Amino acid sequence: MHFIDEATIAGVLCMQDLIPVMRQTMIDFSRGRIDQPPRRMSAVHPHGGFFGSMPAASAHAVGAKLVTFYPDNAKKNLPTVMAAIVLFRPETGEPLVTLDGRLITEMRTAAVTAAYIDAVAAPDVKTLAVLGAGAQGRRHIEALSHVREFEEIRIWSRTPQRAEQLAAEVGGKAMSREEAVRGADVVVVATSSTEPVLEGQWLRPGAKVASVGWAGADSAEVDAATMSHVVIVDSREGTLAESGNIRRFNAQIYAELGEVLDGTRPVNPDATVIFDSIGMACEDIAAAMLVYDKLGAESKSA
């Protein structure tokens with residue numbers, strides 16, 4: 001079976017194409033057009049890692065992702081998330097292609113957040129706070145720049161040098177967690193922390209927050225006060241099983257993102273809103289199909 005490597009994926013996958021695909025994928029999932037069991041994550045105890053399997057099927061895309069998450073890889077200058085995605089032909093079940101899944105995972109997560117912010121944030125939001133200066137922090141700044149124009153980008157990291165480096169790259173400013181969050185219109189929390197790094201008391205009324213980090217089903221990167229606001233999730237079933245933000249604080253889920261995007265569960269523009277994102281197989285499969293189709297189109301035009 002043909003393998004598509006990360007360099008090839010990077011040459012064709014872009015946010016302006018991916019964000020609308022993720023938006024439609026979330027709507028299709030919430031409308032029941034995608035069959036997707038909850039992902040299975042197994043702890044790799046001797047090495048502090050996790051190994052997961054994530055299948056999904058629809059009329060247009062069938063596939064599965066095998067993914068590893070090793071938080072300590074950051075100390076070894078290795079990606080914390082690595083993956084492989086296998087696609088099958090929906091009409092016949094024939095194997096189509098295997099793709100490297102690291103970049104796809106990174107980009108689709110940020111693209112889903114961008115679809116969320118585009119739906120719930122005011123058009124004139126100006127300040128973005130990012131807690132976490134790793135791959136997801138960097139990618140979220142890129143993705144959100146496609147849906148809003150931020151005048152100020154504030155960055156915090158447990159490693160101050162990483163915050164300073166990312167701030168220099170994007171024209172932002174490194175600062176403390178509280179300084180970054182207070183008064184910010186949009187807040188992204190993208191860490192592998194097992195305990196809250198965001199305190200809800202820092203949020204301004206009406207802030208729009210995305211929590212995209214994950215370190216286990218009983219870990220939480222935001223606190224109970226944060227989760228007391230309007231909570232949107234990618235999947236009710238998935239977050240109830242795997243999100244420590246939901247599970248630890250008994251947070252009440254208002255809607256799935258797909259329901260917000262298709263207008264069936266509208267959000268008060270003045271509300272403080274939290275998007276709890278654990279990531280779903282259907283996002284990976286849809287992004288992988290986008291890559292496959294774009295490469296096919298390129299080969300036909302060559």
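Predicted model: local features only at pLDDT ≥ 70, side-chain atom pairs only at ≥ 80, totals over all residues.

Student: How are α3 and α4 oriented to each other?
Tutor: Helix α3 spans residues 102–120 and helix α4 spans residues 135–144, and the two pack at an angle of about 45° with their axes 9 Å apart. Angles under 35 degrees count as roughly parallel, whereas 65 to 115 counts as roughly perpendicular. The orientation of α3 and α4 is therefore oblique.

Student: What is the make-up by class of the contact of α3 with α4?
Tutor: From α3, the residues involved include Leu103, Met107, Ala110, Ala114 and Ile117. In α4 they meet Ala135, Gln136, Arg139, His140, Ala143 and Leu144. By class, this contact of α3 with α4 has 9 nonpolar, 5 polar and 2 charged residues.

Student: How is α4 oriented to α5?
Tutor: Helix α5 covers residues 160–170, and its axis lies 11 Å from that of α4, at an angle of about 20°. Angles under 35 degrees count as roughly parallel. The orientation of α4 to α5 is therefore roughly parallel.

Student: Which residues in α5 are met by Gly137, Arg138 and Ile141 in α4?
Tutor: The contact of α4 with α5 has 3 nonpolar, 1 polar and 2 charged residues. Gly137, Arg138 and Ile141 make up the α4 side, and the α5 residues they meet are Leu166, Glu169 and Val170.

Student: Is the crossing of α4 and α5 left-handed or right-handed?
Tutor: The crossing of α3 and α4 is right-handed. For α4 and α5, the crossing is right-handed.

Conventions. Residues numbered from 1 in each chain as written. Heavy atoms only, no water. Axes fitted to C-alpha atoms, helices over the stretch in contact; angles between N-to-C directions. Helix = DSSP H or I, 4+ residues; strand = E, 2+ residues; numbered from the N terminus. Parallel < 35°, antiparallel > 145°, perpendicular 65-115°, else oblique. Left-handed = near helix turned anticlockwise from the far one by under 90°. Contact = heavy atoms within 4.5 Å. Nonpolar A, V, L, I, M, F, W, Y, C, P; charged D, E, K, R; others polar.
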